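Hello,

As promised, here is the structure I have been going through. Please have it open while you read, and I will walk you through what turned up.

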Amino acid sequence: RYRLGCDRFLVGFRNDWLDPMAQLDFQIFDADNHYYEAPDAFTRHIEPKFARRGMQWVTVEGKTRLLVDGKLNRFIPNPLFDPVARPGCLDDYFRGKSAGDDIRSAFGALEPISPAYRNPTDRLKVMDEQNMQGCFMFPTLAVGMEEAVKHDPDLAHAVFRAFNRWAVDDWGLNVEDRILTAPYITLLDPAQAVAEVEWAIAGGARVVVMRSGPVVGPNFSRSPADPLHDPVWARLNEAGIAVAYHSGESGYHRYAADWGESPEMEAFRYSPFKSLTVGHRPIFDTISALLAHGLFGRFPNLRVATIESGSDWVGELVPKLEKSFKQVPAAWGADPVEVLRRHVWVSPYYEDDIVGLAEALGVDQVMMGSDWPHAEGIAEPSEFINDLTGFDEPGIRKVMRDNALALSVPRPV
């Protein structure tokens, strides 16, 4: 596939028959790596007054289950992660090459958890083998926990304060400029959110992570770009570190309940209706809100990355923005498509139309993300290059390394 005549985009050549490592004369930077949380990730540093209401482990019918504020939580079916699925074992399923009606069979045999999933020393050794210079490191369990505690902002902030201190203990926020761990930020209480962002910045964080969707708490629901949250965005704007929206439990399943579906999200539990109606809505709506509610106009140094949220939403959003700007330009102030292209980076699913994403957003805004070591990711992160058919060599280098590497460097003002 070729696109000629515009220096924003790239012409290319076929590369999918080559060995990925043979094509790479540089180390990659992975925008989507994960650890598996230790069992005490939420409890090691929890404040005593919240200990009985936060995360607890209980035994139900002989199995260890996660209890959050007295309720069983089903976000992850295997929250202890030992044993755990092999990296990339669901590749064929997500590429549509094999059915997943029996998801247990699709997972195959589980393995004892690797030390590289639980500590940075062993992870760095694996990264060396993977030809990986660096990565953004995200939670596995924590991205699904805010929904379970949103009814009590004080509890929610206590839970994630404890979690972030555990992350510093076990992973650090910046290991040799290679493992850049993202503290989790909830916006439920504006003052506590500011304090946590300031703590993260002071600790050397290069990236923070939030969940997509509106900020929903007891008796309120608002945009993350509501001016009430400006103090948080002001700190992030000043520090110039990246803000990542990573997929997880967005809370959008509550809308499916209006149609008779379960309001609860369970990873790898398939619902045809939810796959059609939830899909990319959380990230589509979130980026739409940041643009329409003027966040980037107020904070022009913000850089936002969307991680493990796919990229098909970009192709839907851009023409809507173009039409809206033509109809009511004064309401926008600035061309929202150009604002999108300046402030938002996207790590697509490997099975997405990545050339189409580069055409819509610009190749400088596209980052590879392997989701390693998750089952739904890529077994070998460098193999992402095999899905870059249609990109030329400079474009491949941007997607596989340069774009995320540049985003990882703070840009303080």
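Let me begin at Glu 308, which sits in the loop between strand 12 and helix 13 (312-327). In these names, helices (H or I, at least four residues) and strands (E, at least two) are DSSP runs, numbered from the N terminus. Glu 308 is not a glycine, yet its phi is positive, at about 50°. Glu 308 counts as buried because its relative accessibility is 13%; buried means under 20% relative accessible area, exposed over 50%, and partly exposed in between (1.4 Å probe, protein chains only).

Before going further, a word on the source: this is a predicted model, where local features need pLDDT of at least 70 and side-chain atom pairs count only at pLDDT 80 or more, while totals for chains, interfaces and linings use all residues. Residues are numbered from 1 along each chain as its sequence is written, and side-chain values use heavy atoms, with hydrogens and water left out.

Asp 69 also has a positive phi without being a glycine, near 50°. You will find Asp 69 in the loop between strand 3 (63-68) and strand 4. With a relative accessible area of 21%, Asp 69 is partly exposed.

Next, the strands. Strand 8 (residues 207-210) and strand 11 run parallel and are joined by 4 bridges; two strands pair if DSSP finds at least two bridges between them. Within this pair, Val 208 is opposite Val 243 of strand 11. Strand 11 is also joined by 4 bridges to strand 12 (residues 304-307), again running parallel, and there Tyr 245 has Thr 306 as its bridge partner. Strand 12 in turn runs parallel to strand 13, with 4 bridges between them, and Ala 305 faces Trp 345 of strand 13.

Is strand 11 (residues 242-246) enclosed or open? Of its 5 residues, 5 are buried, so strand 11 is largely enclosed by the rest of the structure. In a regular strand the side chains alternate between the two faces of the sheet. On strand 11, Ala 242, Ala 244 and His 246 are buried on one side, and Val 243 and Tyr 245 are buried on the other. Strand 13 (residues 344-347) is covered on both faces as well, with Val 344 and Val 346 buried on one side and Trp 345 and Ser 347 on the other.

Thr 306, in strand 12, is worth a click. Thr 306 is buried, with a relative accessible area of 0%. Leaving aside neighbours within four places in sequence, the residues in contact with Thr 306 (heavy atoms within 4.5 Å) include Tyr 245, Ile 283, Ile 287 and Trp 313.

Arg 281 belongs to helix 11 (residues 281-292). Arg 281 is partly exposed, as its relative accessible area is 28%. Beyond its neighbours within four places in sequence, Arg 281 is in contact with Tyr 252 and Glu 316.

The structure holds 2 cavities of 30 Å³ or more. On a 1 Å grid over the protein atoms alone, a cavity is a set of points where a 1.4 Å probe fits but cannot get out, and a pocket is an open set with protein on both sides within 12 Å along at least five of seven lines; lining residues have an atom within 4 Å of a point. The largest cavity has a volume of about 90 Å³, a volume being the space filled by probe spheres set on the points, which are joined across faces, edges and corners. Among the residues lining the largest cavity are Glu 146, Met 210, Arg 211 and Tyr 245.

Finally, two cis peptide bonds to look up. One joins Asp 82 and Pro 83, with omega about 10°, and Pro 83 is in the loop between strand 4 and helix 2 (91-94). Another runs from Trp 372 to Pro 373, with omega near 5°.

Happy exploring!
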